[in-house]
Amino acid sequence: MLKRVIIGAGAALLALILLPITAASADGAGWGAFGHTGRHFGHPSPGSAVVNIENSPAGPVLVVGGAGAGYIPATSTTPATYAYPAGSSLYLATIDPSTYGSSFFHPYQPGCTTTVVPDTAQGPLSCTGPETDMGADWPAFTTNGFPVAGRGVNPGLLSAVYRPDLGTFQVTYAGHPLYLFDPGPDSFFGANFYETVLPLPPWDTAWYLVSPWGTPASGPATLETEPPQSGLTTYNSTELAAEMLPGLGGAAVSVYSFSGDGPYRSNCYGACAREFIPLYTVGTPTIATGVSGVNAGAIGVIHRFDGTEQVTYHGHPLYIYDQEQPLPNASDTGLGTNGTGGNGNGVSAFGGTLSLVTP
């Protein structure tokens, strides 16, 4: 084990030595720093990833800048191109711990890895891989030089972390590794995706667009209800749910309260928030069209210490479970658009227990 750590640390050090020591903001307004301490002056290196901002239905979000990401060389019959053209959306995964604190002696351990799972509903997949890896569900946004901040992007939040499994650096923002999903501008298909357990890609995570402030750009949360289904759900009466997977038309996902919280206060951060994912909102939460039984007066919002906003119901902060079981679909796609089973009910960890919420 010690030998493996030494070899891995040596690879990271070699990559740091080879990586150019400069960074710049794309608009020329100032020179950024790689990492979070010190300032270096110069010009952006060839191969430096560029991050821009684009307006989305959830407000301004981070997108790929420059020429694009995932360079594909020219062949005798095709010109050179990019797998992800400029304007492609960037995402964060709730399963990833913060990259802050990672270093030569403390290599970063991501939640979204390159390990291939052979039996997902979409076939063999890894959570991530290089931009041109067709077997990577959410390719990593990588860089060969210090990442470059476009206009409106905070260079103090922009950095990169070495990924030994990728053999290169992944761009980060506010401590979140950044990922790709849908190629091309003005496509936000991956927004509020939810991938938990088989037959879904079992990444135990929710995926969000990223705001210029480094927080999940979830848009307003939408509450609805989900009825019990005999033999499939843990609940026997209608329960409160949140709408996820908007790119697929929306799906009801069970929401929970956490007994470790106080009234209008969440105590779930760090590893807790990676397993019990806060129900984020940007703006006032809404109730799904045509849904009855949800008490609009019971819906509220709290401000979390990490700068995000979380939905409450009767003062209880709400969560979704990172190992939620999707219910089968008639189409058998495994994407869980038929709702979820509420299997997080009664799960205890981090000083509290999850409980389904009756509207």
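Predicted model: local features only at pLDDT ≥ 70, side-chain atom pairs only at ≥ 80, totals over all residues.
**Entry 1**

Residues are numbered from 1 along each chain as its sequence is written, and side-chain values use heavy atoms, with hydrogens and water left out.

Next I looked up what holds these two residues together. A disulfide is a covalent bond between the sulfur atoms of two cysteines. My cut-off was a pair of cysteine sulfur atoms within 2.5 Å, and Cys112 and Cys127 meet it with an S to S distance of 2.0 Å. The torsion about their S-S bond is about -110 degrees, so this disulfide is left-handed. The bond links distant parts of the chain: Cys112 is in the loop between strand E5 (91-93) and strand E6 (116-120), while Cys127 is in the loop between strand E7 (123-126) and strand E8 (142-143), 15 residues apart. A note on these labels: helices (H or I, at least four residues) and strands (E, at least two) are DSSP runs, numbered from the N terminus.

**Entry 2: the other disulfide**

How many disulfides does the rule give? The count comes to 2. I found Cys268 joined to Cys272, with S to S at 1.9 Å. Here the torsion about the S-S bond is about -105 degrees, so the disulfide of Cys268 and Cys272 is left-handed. Cys268 is buried at 0% relative accessibility, and Cys272 is buried at 4%. Counting bonded cysteines along the chain, I wrote down the pattern 1-2, 3-4.

**Entry 3: aromatic rings**

A pair of aromatic rings is described by the distance of the centres and the angle of the planes. I paired rings of Phe, Tyr and Trp (its six-membered ring) if their centres lie within 6.5 Å; planes under 30 degrees apart count as stacked, over 60 as edge-to-face and the rest as tilted. Searching the whole structure, I got 17 aromatic pairs. One of them is Phe189 with Phe193, a tilted pair with 5.6 Å from centre to centre and 55 degrees between the planes.

Phe276 is buried with a relative accessible area of 0%, and Tyr321 is buried with 7%.

Then I returned to Phe189 and Phe193, and found them in one aromatic cluster with Tyr91, Trp138, Tyr179, Phe181 and Trp207.

**Entry 4: charges**

How many salt bridges does a search of the whole structure find? It finds 2, taking a salt bridge as a side-chain nitrogen of Lys or Arg within 4 Å of a carboxyl oxygen of Asp or Glu.

I noted Asp165 with Arg163, at 2.9 Å from N to O. Asp165 is partly exposed at 36% relative accessibility, while Arg163 is buried with a relative accessible area of 1%.

I noted Arg304 with Asp306 too, at 3.8 Å from N to O. Arg304 is buried at 5%, and Asp306 is partly exposed at 41%. The charged end of Arg304 also sits over the ring of Tyr269, 4.2 Å from its centre; for this, NZ of Lys or CZ of Arg must be within 6 Å of the ring centre and within 35 degrees of the ring normal.

**Entry 5: backbone notes**

I looked up the loop between strand E13 (193-195) and strand E14 (205-210), where Pro199 is found. The peptide bond from Leu198 to Pro199 is cis, with omega near 10 degrees. Asp204 is in the loop between E13 and E14 as well, and has a positive phi of about 55 degrees although it is not a glycine.

Where is Ala174? Ala174 is in the loop between strand E11 (168-173) and strand E12 (176-177). Its phi is near 55 degrees, a positive value in a residue other than glycine. Ala174 is buried, with a relative accessible area of 17%.

How values were computed
Buried < 20%, exposed > 50% of the residue type's maximum accessible area, 1.4 Å probe, protein only.
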